[in-house]
Amino acid sequence: MKIGYRTIKTAIGTPLAISIAQFLGLSNFVSAGILTILCIQPSRKQSFLSAWNRFLACVLASVFSLVFFEIIGYHPVSVGLMLAVFIPTTVYLKITQGIATSSVIILNLYSASGIDLNFLTDQFVLIIVGIGTGLLLNLYMPSLDKKLKNKQNKVESNFQTILYEVALYIRNKEIHWDGKEISETEQILEEAFDLVERDKENHLLRSKHPYKDYFYMRQRQFELLKRMLPLVTKLPNKISISEKVAVFFESLSKAVHPGNTAILYLEELTKLQKEFDEEELPETREEFETRANLFRLLHEIEDYLLLKQKFKKSDIQHKKEAKSKAKA
């Protein structure tokens with residue numbers, strides 16, 4: 001059984017908040033632990049937003065409780081009427097995250113059967129201790145670089161397999177591949193984008209994430225790879241250029257990595273396209289369809305390589321800009 005860092009934070013923060021509240025002599029000091037549990041979030045950005053929303057909701061709940069309980073009385077009906085007004089108000093103010101947290105304060109005020117300034121101050125300090133402890137713990141967020149690097153390696157490994165299997169099929173016209181890398185890659189890319197967004201929220205001052213453009217580039221390449229597969233199945237092995245296309249795919253499969261090799265393969269592709277143009281014109285419908293499919297396939301490969309080339313140029317430019325800013 002694996003214990004996540006949010007569980008560890010909760011396990012540390014809850015008793016810590018209760019201890020602080022108890023040390024300060026606050027009533028309902030156990031509620032500080034509940035507030036901390038509700039404030040543990042998966043990212044720094046969510047933590048700050050959550051803490052702010054919960055604080056506002058708790059302050060608002062205190063005001064509503066004072067009005068409803070002191071005017072209508074300390075009766076369950078008062079709680080129901082107050083919530084009927086309070087919840088729509090939080091929706092309007094877009095602080096619905098604080099409903100659960102403020103409910104703790106509402107029930108504390110209700111159970112007191114009387115609200116005075118000292119008790120309100122007591123609850124206000126309780127809010128600060130509970131939410132503040134959760135906020136402080138959320139300042140630490142583990143790096144996601146290792147997970148993102150693993151996703152990158154897995155995507156590239158799957159790309160290598162897909163390209164190699166394409167080469168085998170063009171050469172042998174036999175399918176022994178189960179295609180699991182296709183569904184795997186879709187899932188990996190989805191998970192990678194989730195990780196990128198969470199990591200961005202952990203770096204509040206970072207405007208650009210180094211992995212975002214990379215996975216976006218791979219996602220677009222993956223769409224091209226999926227479009228190539230049906231074209232490959234329509235290539236007969238009798239035309240001379242098919243073997244050259246197979247060799248190209250096989251070579252390309254060995255060069256899937258973060259480095260910039262696209263320019264080399266674009267040059268090879270240009271030679272391949274030239275040879276294709278020099279082929280004899282089709283005489284039958286079947287030959288014409290084959291030529292059309294091969295033309296589309298070479299075009300898809302070119303787009304695939306251009307995406308990588310564009311990404312590397314952009315990546316180099318961003319690194320130069322970052323270096324210039326660092327020197328300034």
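Here is a short tour of this predicted model, one selection at a time.

Residues are numbered from 1 along each chain as its sequence is written. Local features need pLDDT of at least 70 and side-chain atom pairs pLDDT 80 or more, totals for chains, interfaces and linings use all residues, and side-chain values use heavy atoms, without hydrogens and water.

**Whole chain.** Start with the cartoon view: the protein chain has 12 helices and 0 strands (DSSP runs numbered from the N terminus, H or I of at least four residues for helices, E of at least two for strands). Of its 328 residues, 41% are buried, meaning under 20% relative accessible area with a 1.4 Å probe, protein chains only.

**Annotated spans.** Next, select residues 20-40, 52-72 and 124-141, which an unreviewed UniProt entry lists as "transmembrane region"; such annotations may be inferred rather than shown by experiment. Residues 20-40 are 67% helix, with end C-alpha atoms 17 Å apart. Residues 52-72 are 100% helix, and their end C-alpha atoms lie 30 Å apart.

**Helix 3 and helix 5.** Now show residues 44-72 (helix 3) and 99-112 (helix 5): their axes come within 8 Å and cross at roughly 30°, the axes being lines fitted to C-alpha atoms over the stretch in contact, with angles from 0 to 180 degrees between N-to-C directions. The two helices are therefore roughly parallel, a label for angles under 35 degrees.

The contact residues divide into 8 nonpolar, 4 polar and 1 charged.

Key: Parallel < 35°, antiparallel > 145°, perpendicular 65-115°, else oblique. Nonpolar A, V, L, I, M, F, W, Y, C, P; charged D, E, K, R; others polar. Buried < 20%, exposed > 50% of the residue type's maximum accessible area, 1.4 Å probe, protein only.
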